[in-house]
Amino acid sequence: MKVAIVGLGIIGEAWADNLVADGIPLATWNRSPKPNPRPDFVPDLIEAVRDATHIFIVVADAPAVADIIGKIVPVLHAGQTILQSSTITPDAVRAAAAAVAPTGALFLDAPFTGSKPAAQQRQTVYYLGGEAAAIEGARPVLERLSKTLFHIGPIGAGSALKLAMNLNIAQVAQALSESLTLARASGISDEIYFQALKANVSNSGITALKETKLRTNDFSPQFSLKHMFKDLRQARELAGQKGTKLPQLETVLQVYAEGAAKGWGDQDFTTLIQLLAKG
């Protein structure tokens, strides 16, 4: 078994570190140069994936995925599995799978939930789309990085669920920020607010993950605003294809557009609470 990780963002880097800790042979590659390359970094994409049994693609968007797939298809072969873990639309996933199919390599729609802390702690949850046999073949790698593997359905189903889940996360986080802002404006301390929230039916995993960030104004990225904004736009695209109305999504998209316009794209999406401050 040899793994290639294509994309060394927040998540790809954490996965790579865990595989190195396990002694798994690894090659990594990134679209933009890194100032301090990893020992397992391979400058040439083709060489990074050529002899890998499992190839993770975890990059920013659909054009990046299409570009990578187009470049590696000539060297893909039977015995390899592509794990497409970028958050892109189901249509984009299916297009990538169709490009890989003639090579004999297997393909998994493998988006995930869990930001930087989850990836570091091997608590990633994968939403898998594809054949059961492909999932079983990838299980020895996936289980090293995750706490749960969900087989959602055919290729594209995993990505559809990922967009739905990120829509939920963004809206819950926005509600948390607005609720906290109202409490603060009413003279209620953060200590009392979060104690009360944890005893309330509306408490959520977002509270556990983001409480410290909100209380300390620490907006270093666990999941960047720009990536969540991209995912919400993709959710709107998917909803349009399905003829589904999502009015709250439209409102939240306006908030994200305002945050992006302020140059906050690389900060954690909780930075949006700054838009609620007075003045």
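Which residues have the most contacts inside the largest nonpolar core? They are M228, L232, Y256 and F269, in a core of 30 residues. A nonpolar core here is a set of buried Ala, Val, Leu, Ile, Met, Phe, Trp, Tyr and Cys residues joined through side-chain atoms within 4.5 Å. Buried means under 20% relative accessible area, exposed over 50%, partly exposed in between, with a 1.4 Å probe and protein chains only.

Ground rules, quickly. This is a predicted model: local features need pLDDT of at least 70, side-chain atom pairs count only at pLDDT 80 or more, and totals for chains, interfaces and linings use all residues. Residues are numbered from 1 along each chain as its sequence is written, and side-chain values use heavy atoms, with hydrogens and water left out.

Helices α7, α8, α9, α10 (225-242) and α11 (247-261) each supply at least two of its residues. Helix α7 gives the most, eight residues. Helices are DSSP runs of H or I, at least four residues, and strands are runs of E, at least two, numbered from the N terminus.

Take Y256. Beyond its neighbours within four places in sequence, Y256 contacts A170, L225, M228, F229, L232, F269 and L272. Contact means heavy atoms within 4.5 Å. There is also a second, separate core, with 27 residues, including A48, A52, I55 and V59.

Next, N166. This residue sits in α7. N166 counts as buried because its relative accessibility is 2%. Leaving aside neighbours within four places in sequence, N166 touches T87, F223, M228, D231 and L232.

Now α9, residues 205-216. Its buried residues are I206, T207, K210, E211, K213 and L214. Their cover includes α7 (157-185) and α8 (190-198). At the N-terminal end, S204 is the cap: a side-chain oxygen lies 3.2 Å from the backbone nitrogen of I206. Just after the helix, N217 takes a positive phi of about 55°.

Last, a helix pair. The axes of α3 (residues 62-72) and α4 (residues 90-100) come within 10 Å and cross at roughly 0°. Axes are lines fitted to C-alpha atoms, for helices over the stretch in contact, with angles from 0 to 180 degrees between N-to-C directions. So α3 is roughly parallel to α4; that label covers angles under 35 degrees. From α3, A62, V65 and I69 meet A92, A96, A99 and V100 of α4. By class, that contact has seven nonpolar, no polar and no charged residues.

Terms used. Polar contact = N/O pair within 3.5 Å; in protein donor to acceptor, adjacent residues only side chain to side chain. Parallel < 35°, antiparallel > 145°, perpendicular 65-115°, else oblique. Nonpolar A, V, L, I, M, F, W, Y, C, P; charged D, E, K, R; others polar.
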